[in-house]
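Try each task before reading its solution, and take your time.

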Amino acid sequence: MKKPSFKVIGVSSAIAMLTAGVVMANDPVRLTVVSWGGAYTQSQVRAYHEPYMAANPHVQIINDDGSANALAGLRAQSQAGNVTWDLVDMLPSDAQLACDEGIIMPIDHDAVLAPAPDGTPASQDFLPGSLGECFIPQIVYSTVVTYNTEMFPADAQPNSIDDFFNLDEFPGRRAIQNRPAGNLEWALFADGVDPADIYDVLETPEGVDRAFAKLDTIKDQLIFWTEGAQSPQLLADQEVSFSTGYNGRIFDAAEVEGQPFEIIWDGQIVEWDGWVVPYGDNVEAVMDYLYWATDSQRLADQAKYISYGPARASSAPLVGEHADLGIDMNQHMPGNPDNFFSPIVLDNDFWTDYGDELRERFANWMLQ
Amino acid sequence: MTTGVQDVAETDAQGGMITADGKPLKASLQRAERRRKIIAFLFVAPLLTYLMISFIVPIGQMMFRSVENPHIISILPKTLAALDEWDGQGLPDEPVYAALAEELAAAQEDRRVGPLAVRLNYEISAARGALTRTARQAGNMEAPFKEQFLDAHRLWGSPEIFRIIKREGRPLTASYYVSALDRTYDENNNIVRQPENRRIYVDLYMRTLGMSLGITFITLLLGFPISFLMASLPMRHANLLMILVLLPFWTSLLVRTTSWIVLLQQQGVINSLLVGAGFIGDDGRLSLMHNMTGTMIAMTHILLPFMVLPLYSVMKTIPPAYVRAARSLGATPWTAFWRVYVPQTLPGIGAGAVLVFIISIGYYITPALVGGQSGQMISNLIAYHMQTSLNWGLAAALGTILLVGVLILYWAYNRLVGAENLKLG
């Protein structure tokens, strides 16, 4: 009984291997795309994945919400020699580290990415400074302070970063992200430092002390969040009266779910986010997907589902209304002039240089 | 009664016993014994292989990672050789910079600067920036190199980075353990304590130990009466109680933890009940979570079955006649309970306490979700270094210290109480 069945398996798998070599183009491909989960992944699914799969039925895209630990995951997979992620959504500073370590692919932007509709090459079309050696930006997002309007009297609502640090007039617990980036900038901003000078001050030990001293003033009211989905949750539960958070998630909670949240655009921390390609098995399929998913129209499409700004100049005029709600998305974008009055642009070089030391100090400060 | 061997045995020329087929009895017995051993081993072999692959080898790897240090010695051998000449005072001379330029350029070629930069950054802040930035320029540098290095990054003008390269230029390192014990190296490579605002791990180990002991004690306090009741009630009622203990035990850990979030948060069930009943005002809601209280409450609940089950199984076997005999001999109820009953439950108390303590000392998910900052345990920091700071060497050192700590505690327990007194059922 046993022997013939083994033979059958052997023959059939040999045939399978032979045919695999012949029918390349329509071979089913499974792409594992790693992203941040929640409303953000949902916007990618609707703007990119679903239309792409409809046009390329042999491709199946699988979502993995692993981006919060993307660098660790990439390192582990590359050390183990078993890379299972095909495309990863990550922050530019982490992408630079991964690139330096040689675990993700360098990108020749003009060869790999679609030009703008008017023929401008990709390297000219993406926002200045946003393209990285191994990094293709998708969105401009910002981390903002948000509050629950129900937790303050209607005639005394907060509206600035100063108010966030003002426990006397605006009592209640606050949630901040459990990392120093952003929080130290806000502390200095609230302490009276001009946004343009923040990183000069933060480069000095006295500046760091000053930032931590400012954070100390609200420390016993602080809760720390790790995942992007936590901040709208904490606000909705009224566990905190303020929380910092990603503007798109707050938008989603406020507009789609109807939560009573109000964004304080004062001192918004602006940053990019985008794709990197690990050295995996499906590179060809990934590149085909990338060319399509990062063209001007597609990046503008993502803004139909979440209030993150597209990273290409040629996408901006294409941004319109929310796909389900029909509201104009432009007024919710971080880059809208009404919102962009005192932005702090996150300095990735600074955080690459000083990040480890400050993260360690921040972790100690949190636990003490 | 005679045995089979004697039946067939005859005596050979030397007077030794031989079996029916003419072989010496001794050899024949040995062979039979060996076969028995092989068969016994074959029964154990799958488990042993499984344990080796999934448990012993990874733990060994983890422990090795806490001392492993290959990058500097493999990428910068010439720089290290040149540094031999350097006395550690002031900046090194031109040959060191020349060797460094050559090796950084080569490392840049085959993309090995990243791991090296990461490794050095654990020891000195901004080393990552200094190395990656300099390595990009290194290919175009020409002699003399020292000036260009000083221009490339401020760190090359400080003797400290060269001291670190020299110190860590060995295949094994102690520096992860040095950091894990809140120590650091001073200018003369002596190990000294970290400045006050950077001491963190030792306190956290102590906190973890304290919380685990506390949780063990509370579970014992809550679990003992329940087990006692279960063991003395008739089966029908005992089973009902047993289901109440087991039901949460069967529920997913994550579900139970998130349920505690719903119960404990400021607008949560418990606070709302207290406000509704008028015990506290609406502005005086208790902080039951995002702190140590939350961790203790949730973990006590989650670990309670691990105390109740061994206690119950031991109490079930204690004959009620002993306590009755003590009472009939004139003991007060308290004396009968304390001097006759409790000593017999000790194996169960021991087993429950060891289980709860060892599980809680490595607990991770519940503190992460309800602990806030003051309710974090050492495992949360190990996870932090695994996932966020990516300092796997330090994570491995912290983990190894935890492992050794638990082994020492178990050894002490064994000396004091005796592991053979553990009884799980």
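**Exercise 1. Polar contacts and salt bridges between the chains**

Find how many residue pairs are in polar contact between chain B and chain A, and how many salt bridges cross the interface.

Solution. Please keep in mind that this is a predicted model. Start with the polar contacts: between chain B and chain A there are 11 residue pairs, with both residues at pLDDT 80 or more. Next, list the elements on the side of chain B that touches chain A: those giving two or more residues are α6 (113–123), α7 (127–138), α11 (201–232) and α19 (378–387) of chain B. Then sort that side by class, which gives 12 nonpolar, 16 polar and 10 charged residues. Now look for opposite charges, because side chains of opposite charge can pair when their charged atoms come close. The rule, a nitrogen-to-oxygen limit of 4 Å, finds 3 salt bridges across the interface of chain B and chain A. One of them joins Arg136(B) to Asp100(A), with the closest N and O atoms 3.3 Å apart.

**Exercise 2. The extent of the interface**

Work out how many residues of each chain are in contact, and what area is buried between chain B and chain A.

Solution. First count the residues: 38 of chain B are in contact with 34 of chain A. Then turn to area, since the size of an interface is often given as the accessible area lost when the parts come together. Here the area buried between chain B and chain A is about 3,300 Å², and carbon and sulfur atoms give 44% of that area. Finally, ask which residues contribute: Arg111(B), Arg128(B) and Gln373(B) supply 21% of the area that chain B buries against chain A, more than any other three residues.

**Exercise 3. The second largest pocket**

Describe the second largest pocket: what is its volume, and which residues are the closest to its centre?

Solution. Begin with the volume of the second largest pocket, about 1,200 Å³. Its lining has 48 residues, and the closest to the centre are Glu360(A), Glu123(B), Ile124(B), Ser125(B) and Arg198(B). Next, trace the lining to its elements. At least two residues each come from α10 (205–216) and α15 (348–367) of chain A, and from α6, α9 (159–167), α10 (175–180), β3 (183–185) and α19 of chain B. The largest share, 8 residues, comes from α15(A). By class, the lining of this pocket divides into 18 nonpolar, 14 polar and 16 charged residues.

**Exercise 4. Enclosed space**

Identify how many cavities of 30 Å³ or more there are, and what lines the largest cavity.

Solution. The count is 3 cavities of 30 Å³ or more. The largest cavity holds about 50 Å³ of space. Its lining includes Thr143(A), Arg179(A), Trp186(A) and Ile269(A). Sorting the lining of the largest cavity by class gives 3 nonpolar, 5 polar and 1 charged residues.

**Exercise 5. Backbone details in chain B**

Solution. Pro144(B) belongs to the loop between α7 and α8 (145–152) of chain B. Turning to Asn189(B), this residue has a positive phi of about 60° although it is not a glycine.

Definitions and conventions:
Residues numbered from 1 in each chain as written. Chains lettered and ligands numbered in written order. Predicted model: local features only at pLDDT ≥ 70, side-chain atom pairs only at ≥ 80, totals over all residues. Heavy atoms only, no water. 1 Å grid on protein atoms, 1.4 Å probe; cavity = no way out; pocket = protein on both sides within 12 Å on 5 of 7 lines; lining within 4 Å. Points joined across faces, edges and corners; volume = space filled by probe spheres on them. Nonpolar A, V, L, I, M, F, W, Y, C, P; charged D, E, K, R; others polar. Contact = heavy atoms within 4.5 Å. Buried area = accessible area lost by both parts, 1.4 Å probe. Salt bridge = Lys/Arg side-chain N within 4 Å of Asp/Glu carboxyl O. Polar contact = N/O pair within 3.5 Å; in protein donor to acceptor, adjacent residues only side chain to side chain. Helix = DSSP H or I, 4+ residues; strand = E, 2+ residues; numbered from the N terminus.
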